[in-house]
Amino acid sequence: MSIKQGDYLKELRVKNNLSQEKLGAELGLSRQSISKWEQGYAMPDTENLLKLSELYGVSVDTILKCGETEEQEEIIKTEETAETVKEETTPENPVSENAEQKPEAKIIFVEKQEHKEKKTHKKRGWFFISYPIWMVALYAAIGSYFGAKGWFTGWIVILTIPLFYTGIIAFEKKKPVIFCYPVLATLVYLMFGFFLNLWHPMWIIFLTIPIFYIVCVTRKIK
C-alpha cells in the first residue's frame, strides 16, 4: 500500500469524525492496524475494504485509486461542458452580437529543420597523394645529375609542394586567398637569383604579396 492511499484513508476517517480507536471498533480491529493502513505499511483486505466502502459511502475502486475516480468524473463533466459551449459557438450556431467574442487561441507548431551540410570528399588520385615523394625524388635526381650546383639550386622544387596543394584547393573552392602566394613569390625570386643572378631587382616581387591579399579582400574573395 502506498503512502498516498494511507493519506486518503486518513482523510476519509477524519471527514467522518472517527478516531482510530472508533474505526477499529467498527471494523473489529485494533488501533494499531488502522495506524498501519494510514502510514502505508499495510493494506486492508477485501472484507475490510467493503466495510470501509459502506462506512464512508464511497466505492472500493475510489478507495484503491485514492479518490482519483471522483476527480476524473469532474474532469469529464468539465470537458463535456466545454464541448457543449464550443458546439453552440460554431458557424451553424453563431454567437449573438451582444455576446462577448473571445479570440480563439491557436497553437502553431513550428518544425525546425536542421540543414546539415554534407561535406563531399573528393577522391584523390595517386599522384595527388604521392606528390611530395615525387618532388623529393626529383630533387635527388637533379642533385645527382648536376652535382654540387644541382644540390644547391635544386631544392627549390620542394617549394612546389605547398603550391601544388593550395593551388588545387583554391581552384576547387574558388577562393584564391587559400593559395600560398608568398611561397610562389619566394620561388620566383630564387629562380631569378640562382639562374639569372638578378637578386637585387627581383626583391620587389615580395611587395606583391600584400597587393595579392588586398585584391582578394576588396573583391570579397575569402
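Buried residues make up 27% of the 222 residues in this chain. Buried means under 20% relative accessible area, exposed means over 50%, and partly exposed lies in between (1.4 Å probe, protein chains only). The model is predicted: local features need pLDDT of at least 70, side-chain atom pairs count only at pLDDT 80 or more, and totals for chains, interfaces and linings use all residues. Residues are numbered from 1 along each chain as its sequence is written, and side-chain values use heavy atoms, with hydrogens and water left out.

**Exercise 1. The overall picture**

Task: How many helices and strands does the chain have, and how much accessible surface does the chain have?

Solution.
Step 1. Find the elements. Helices (H or I, at least four residues) and strands (E, at least two) are DSSP runs, numbered from the N terminus.
Step 2. Count them. The chain has 12 helices and zero strands.
Step 3. Take the surface. The Shrake-Rupley method with a 1.4 Å probe gives the areas; for residues, only the protein chains shown count as cover. The total for the chain is about 17,200 Å². Carbon and sulfur atoms own 60% of that surface.
Step 4. Look at the contacts, meaning heavy atoms within 4.5 Å. Take those between residues at least 6 apart in sequence: 51% of them join residues at least 24 apart.

**Exercise 2. Helix H3 and its partners**

Task: At what angles does H3 cross H2 and H1?

Solution.
Step 1. Set up the axes. They are lines fitted to C-alpha atoms, for helices over the stretch in contact, and angles run from 0 to 180 degrees between N-to-C directions.
Step 2. Take H2 (residues 20–27) and H3 (residues 31–39). Their axes come within 8 Å and cross at roughly 110 degrees. So H2 is roughly perpendicular to H3. The classes are: under 35 degrees roughly parallel, over 145 roughly antiparallel, 65 to 115 roughly perpendicular, the rest oblique.
Step 3. Find the touching residues. H2 brings Gln 20, Glu 21, Leu 23, Gly 24 and Leu 27, while H3 brings Arg 31, Ile 34, Ser 35, Trp 37 and Glu 38.
Step 4. Now take H1. The axes of H1 and H3 come within 6 Å and cross at roughly 125 degrees. H1 is therefore oblique to H3.
Step 5. List this contact too. Ile 3, Gly 6, Asp 7, Leu 9, Lys 10 and Arg 13 of H1 meet Ile 34, Trp 37, Glu 38 and Gln 39 of H3.

**Exercise 3. Salt bridges**

Task: Which residue pairs with Glu 11, which with Arg 13, and which with Glu 172?

Solution.
Step 1. Recall the idea. Side chains of opposite charge can pair when their charged atoms come close.
Step 2. Apply the rule: a side-chain nitrogen of Lys or Arg within 4 Å of a carboxyl oxygen of Asp or Glu. The count is five salt bridges.
Step 3. Glu 11 pairs with Lys 15, with the closest N and O atoms 3.2 Å apart. Both lie in helix H1 (residues 3–15), four residues apart, about one turn of the helix. Glu 11 is partly exposed at 37%. Lys 15 is exposed at 59%.
Step 4. Arg 13 pairs with Glu 38 (2.5 Å, N to O). Arg 13 is in H1 and Glu 38 in H3, so the pair ties together parts 25 residues apart in sequence. Arg 13 is buried, with a relative accessible area of 8%. Glu 38 is buried, with a relative accessible area of 8%.
Step 5. Glu 172 pairs with Arg 124, with the closest N and O atoms 2.7 Å apart. Glu 172 is in helix H9 (residues 160–173), and Arg 124 is in the loop between H6 (68–88) and H7 (126–146), 48 residues apart. Glu 172 is partly exposed at 31%. Arg 124 is partly exposed at 33%.

**Exercise 4. Positive phi**

Task: Where does Asn 17 lie, and where does Lys 174 lie?

Solution.
Step 1. Recall the background. Most residues other than glycine have a negative phi.
Step 2. Asn 17 has a positive phi of about 55 degrees, although it is not a glycine. Asn 17 lies in the loop between H1 and H2, and is exposed at 66%.
Step 3. Lys 174 has a positive phi near 55 degrees. Lys 174 sits in the loop between H9 and H10, and is exposed at 71%.
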